[in-house]
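Subject: Structure handover

Hi,

Here is the structure I promised. Please open it alongside this note. My findings follow.

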Protein chains: 2
Amino acid sequence: VPRRLRDVGEHEWINLLSRRLGGRSVAGVLIGPGDDAAVVRIGGAVALLTTDTLVEGVHFRDGWLAPAALGRRAFRVNASDIAAMGGRPISALVALEVQPTMAVNRLDAIMRGFVSDARRHGVALVGGNVTRGPHFAITVSMTGIASARVVRRRGARAGDQVFVTGSLGAMGLAVRGRLAGRRTELPTVPYRVDAAVALAAVASAMIDVSDGLVQDLGHVCRASRVAARIEAGRVPVAPACRRALGAGAAAFAATAGEDYELCFTVPPRRLPALDRLRRRLRCRVTRIGTIEAGRPIVRMVDARGRPLVLRHRGFDHLRAR
Amino acid sequence: VPRRLRDVGEHEWINLLSRRLGGRSVAGVLIGPGDDAAVVRIGGAVALLTTDTLVEGVHFRDGWLAPAALGRRAFRVNASDIAAMGGRPISALVALEVQPTMAVNRLDAIMRGFVSDARRHGVALVGGNVTRGPHFAITVSMTGIASARVVRRRGARAGDQVFVTGSLGAMGLAVRGRLAGRRTELPTVPYRVDAAVALAAVASAMIDVSDGLVQDLGHVCRASRVAARIEAGRVPVAPACRRALGAGAAAFAATAGEDYELCFTVPPRRLPALDRLRRRLRCRVTRIGTIEAGRPIVRMVDARGRPLVLRHRGFDHLRAR
């Protein structure tokens, strides 16, 4: 019986592939697979490159998002990957899969949503591709410019403090509502590029929270060869999520995905610099835990330091049923 | 009744969108939507950017291509877009849509096919994304470096001669065979990057033949505001296609897609330079016609100069049934 992708899982398959590819370094590739974005030397410049897909029926269902909101979301989830490296997006390509029966107005509105949000943030749609497909999917590839410091997943050290921007759980709650048949509005993905560029000066590691905080911080731990302890009581839970879920809200918020906040670590010596930055960030920044020595595991503990048992750690595209 | 994409067609929808986007120029974008690749200034460098998707059930069906051949094809169709601008690809991202039931071995073999062909040509796979989807699709985005001269679609002038590399019709014939239930082998996409970089010194306009010569040369004509006349007897028809179709082979080869040869125009004063280049190109280059003044129409004529009536002009993803 051949092994199926669902037996391996998304993240493990990517790890296996990255390890196989990582063996040989290629001239001009400063950072290859395994981070939020690649870093490539092009002529004399250093570019950040990333790609991400939204698939109808997987990331959202028909009717969950207004067309313009869907376009904006496609833009922002990609900008989030550039931001997570401390960079600034500058251009995007859009590859569309569409059904020939799709209304022209709907696709136009999706693209208007994409382009208007991109322009507002100084990013140009420079090209793309359209192909027929059995369902709607939008794959964006984005190019960015690196800050003076590129922030990777691998820089966290024991003793660093763990922070997260904004709040978590709102998207997970909205998806749960939609799946239960309620017309919950899906929240807008935050745009954290300015914050990320500022944070690049102090962060030792950074990642965007796309598949769930515990799992994504786990990627940081594996890349950095450290462990992390998150204090459940410190996790900034979105108000709607807190109201709906009460005591279970922190565990839900820490494992639900698609909030696209930034999770980052700061060495003790740079904490004063972070404090000086706070005013400029224009978003909440919350300390949620600590990096520790040890096997790359993320533990979540309650107010007394007792470990919480999490039913799952985050989203895996290939294991999800 | 809302207008559907199939009523507008792929190329017309892209034209409409490009025109809407083209109005405002954005700093750093040297060439935006509407060419084979975008040209963007990144820091001090000039990068070529393109994206293209292969969808199972649309571009190929299960079993038509060995996994490694599929990966190689995904690499080469994107390299072809960079080549068509006279550029050289340097890095690629791969966004995958996969079914969780897909065999790990198959996806590994697809990626091995991609990576080994890319490495052989000096191109690095630097990252990507995996998402669950209802079918297999692979979207590649590729970054390249421009030659001294970027060759666009819009540079053709009346009096220029029209050329095409290699031969046409082999892929169209293979697809026709497969659709009829025969086990015809799909030809490998040619790798024309070295030829393209050399041709950039003499070509006034260039495009890759992805959707059919007549239609793709039509894009050159529209962008350049000229007409083109192709002599049917000069079209380099793939031998298998000539054998199978006889008298109708030229019209078939000129409208079947996916050969990924280069079609380019050369001003009369540069024809001697093209002749000097020929030895270096390592592929056949055939003169097939002439650029003329007039409305942007591609006419195909027989040996006596009489126009051939073409049943269709090329592939349109959204009009195809």
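A cavity here is a set of grid points where a 1.4 Å probe fits but cannot get out. Its volume is the space filled by probe spheres set on those points. Keep in mind that this is a predicted model.

**Cavities.** Searching the whole structure turns up three cavities of 30 Å³ or more. The largest cavity has a volume of about 70 Å³. Which residues line the largest cavity? From chain A they are A:L49, A:T50, A:L93, A:S141, A:M142 and A:T143. Chain B supplies B:L49, B:A92, B:L93, B:S141, B:M142 and B:T143.

**Interface.** The size of an interface is often given as the accessible area lost when the parts come together. Chain A and chain B bury about 6,100 Å² between them. Carbon and sulfur atoms account for 66% of that area. A:W13, A:R119 and A:R132 supply 12% of what chain A buries against chain B, more than any other three residues. On the side of chain A that touches chain B, 42 residues are nonpolar, 20 polar and 13 charged.

In terms of contact, 75 residues of chain A meet 75 residues of chain B. There are zero salt bridges between chain A and chain B. Polar contacts do link the chains: 17 residue pairs, both residues at pLDDT 80 or more.

**Symmetry.** A 180° rotation with 0.0 Å of shift along its axis superposes chain A on chain B, with an RMSD of 0.0 Å. The two copies are thus related as by a two-fold rotation axis. The copies meet through the same surface, because 100% of the interface residues of chain A are also interface residues in chain B.

Best wishes

Technical notes:
Residues are numbered from 1 along each chain as its sequence is written. Chains are lettered from A and ligands numbered from 1 in the order in which they are written. This is a predicted model: local features need pLDDT of at least 70, side-chain atom pairs count only at pLDDT 80 or more; totals for chains, interfaces and linings use all residues. Side-chain values use heavy atoms; hydrogens and water are left out. Contact means heavy atoms within 4.5 Å. Buried area is the accessible area (1.4 Å probe) that two parts lose on being put together, summed over both. A salt bridge is a side-chain nitrogen of Lys or Arg within 4 Å of a carboxyl oxygen of Asp or Glu. A polar contact is a pair of N or O atoms within 3.5 Å; within protein, one must be able to donate a hydrogen and the other to accept it, and residues adjacent in sequence count only if both atoms are side-chain atoms. Ala, Val, Leu, Ile, Met, Phe, Trp, Tyr, Cys and Pro count as nonpolar, Asp, Glu, Lys and Arg as charged, and the others, Gly among them, as polar. Copies are superposed by least squares on the C-alpha atoms of residues with pLDDT of at least 70 in both. On a 1 Å grid over the protein atoms alone, a cavity is a set of points where a 1.4 Å probe fits but cannot get out, and a pocket is an open set with protein on both sides within 12 Å along at least five of seven lines; lining residues have an atom within 4 Å of a point.
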